[in-house]
Amino acid sequence: MALSLYNTLTRHSDPFTPIEDALVRLYTCGPTVYNFAHIGNLRTYVFEDILKRVLRASGLAVRHVMNVTDVGHLTSDADAGEDKMALGAAREGKSVWEIADFYWQAFRADMQRLNLQEPDVWCKATDHIPEQIALIRTLEEKGFTYVADDGVYFDTSKLSDYGKLARQDLKALKAGARVEMSQSKRNPPDFALWKFSPKDKQRLMEWPSPWGVGFPGWHIECSAMAVKYLGERVDIHCGGIDHIPVHHTNEIAQAEAALGHQWVNWWLHGEFLVMAKDESGAGGKMSKSSGGFLTIATLVEKGYDPLAYRYFCLNAHYRQQLAFSWEGLDAAAHAFAHLKKTALELRKGYTGREKPLAAAMEEFLTACQDDLNMPRALASAWTMLRTPASPGELYATLLAMDEVLGLGIAAMQEESVGLSEAEIQQYIAARQAARKAKDFDQADAIRKELVAKGIVLEDGPAGTIWRKA
RNA sequence: GGCGGCAUAGCCAAGUGGCCCAAGGCGACGGUUUGCAAAACCGUUAUUCGUGGGUUCGACUCCCACUGCCGCCUCCA
């Protein structure tokens, strides 16, 4: 059993070994809580959940830390742009703290609906201002910072290996720069560790610091909290692929400058969900300005089970862009419904004593451990369901696989409808009588009546059963 | 403009030198079943992997060119 993971740092897949034998220190960049998470954001969290489950299925314990970014960072680089949290607060007529709490809870609800296991530690940026200030002080003492008129900056020219994660050529970066560089920065890639509040107005969120009243820069929170909760060395740090060039690059810079040694061994990044092109030609990355903004709530309104979206994500590899389309989601929803029906059927023959089929499990786990190849793992699950074995064994195997898949097999229930079981049985009996009398018009009328109530009848060898339409 | 990635059946998507005349799912079609259905099950659905060259005994898999699409370089999962 060998787990291999693709490391952005080395650009290839390597056998994974944790620093400490049986404990994996995992840090995943969490949400900025000023709006609902869209399904593109959520794809990354599904990938991280799979990672966690595969680590556990590989016999490793995991300590998982996720941050909540509740400090109002700016909508664009440097001094331009507005505070995202303040924007949200103004939009909804609430305080920034209410906004933060509301959207954090909304995020947790989304996680629950997608069967994402919660982290062991949730940490909010605003609860860790002293830790962030302490980290900036350390950097200052070591000579990595400078104070400009609008904040304290990290001097990237002091690090010889700045940008190693993104493998960016700093000169090329300068040449291609589309953004005007903040006047106060010495080098284009320099980034703020602490920003001062504007002199003419009070910010909704600000704190005193040795350098003046203000708020922490965006990158510093993750480093400060990761060190606090996971120690000076981290096994795996994850996030979306967009974090490679800026956020994670800067996290590495500040953390390694402060610690004086390599900080994270494995960087894993999830690719984007992109919108399939529509007739108007619109498509690409999901964002508020273009390409639509779909949330779990949107999917539920349209009648999809959130887990159908999880299944949809599992059908593609996490390092591959996944094109979202309603047709694609429909296909996943059908597949998921089929799986559910199969599981409920197999469960009838399950006593709780059956063991998972060893060969099938091995094939499944091998796929999971090959850099989380869930499409292959899922394929092996479908193949397993066709192997000659007792329903109980198949169900036991499916349950074991679901430890990783997280499709909620054990919790699946026949869906309830408006009518009681006894009432439905009366309809069935009446139709049965009509059928016996060869009065098929009457039998079909009863069936039609039930369809109108959302119930479908199916005549099988064991009699007539019903299910929700 | 610079950097990176991708292109596999109607759709989604694995595979990345011989096990591939290419996994799995969805859809479609045919069959079993049914009073008719539905569901389920069985079968069929790419001799071929964007196009053109090259390397090799052998390429979907490596190299080059071309075409198309996407992402990053700016807050961003």
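Student: Which side chain has an N or O atom 3.1 Å from a phosphate oxygen of RNA strand B?
Tutor: That is the side chain of N373. It is a polar contact, meaning a pair of N or O atoms within 3.5 Å. Note that this is a predicted model: local features need pLDDT of at least 70, side-chain atom pairs count only at pLDDT 80 or more, and totals for chains, interfaces and linings use all residues. Residues are numbered from 1 along each chain as its sequence is written, chains are lettered from A and ligands numbered from 1 in the order written, and side-chain values use heavy atoms, leaving out hydrogens and water.

Student: What about the bases of RNA strand B, what lies 2.9 Å from a base nitrogen?
Tutor: A polar backbone atom of L273.

Student: How many residues surround RNA strand B?
Tutor: 58. Each has a heavy atom within 4 Å of the strand. The closest are K84, W218, G240, K285 and K341.

Student: New topic. Why is helix 6 largely enclosed?
Tutor: Because eight of its eleven residues (220-230) are buried, meaning under 20% relative accessible area with a 1.4 Å probe, protein chains only. Among them are I220, E221 and L230.

Student: And what follows helix 6?
Tutor: G231, with a positive phi near 90°.

Methods. A polar contact is a pair of N or O atoms within 3.5 Å; within protein, one must be able to donate a hydrogen and the other to accept it, and residues adjacent in sequence count only if both atoms are side-chain atoms. Buried means under 20% relative accessible area, exposed over 50%, partly exposed in between (1.4 Å probe, protein chains only). Helices (H or I, at least four residues) and strands (E, at least two) are DSSP runs, numbered from the N terminus.
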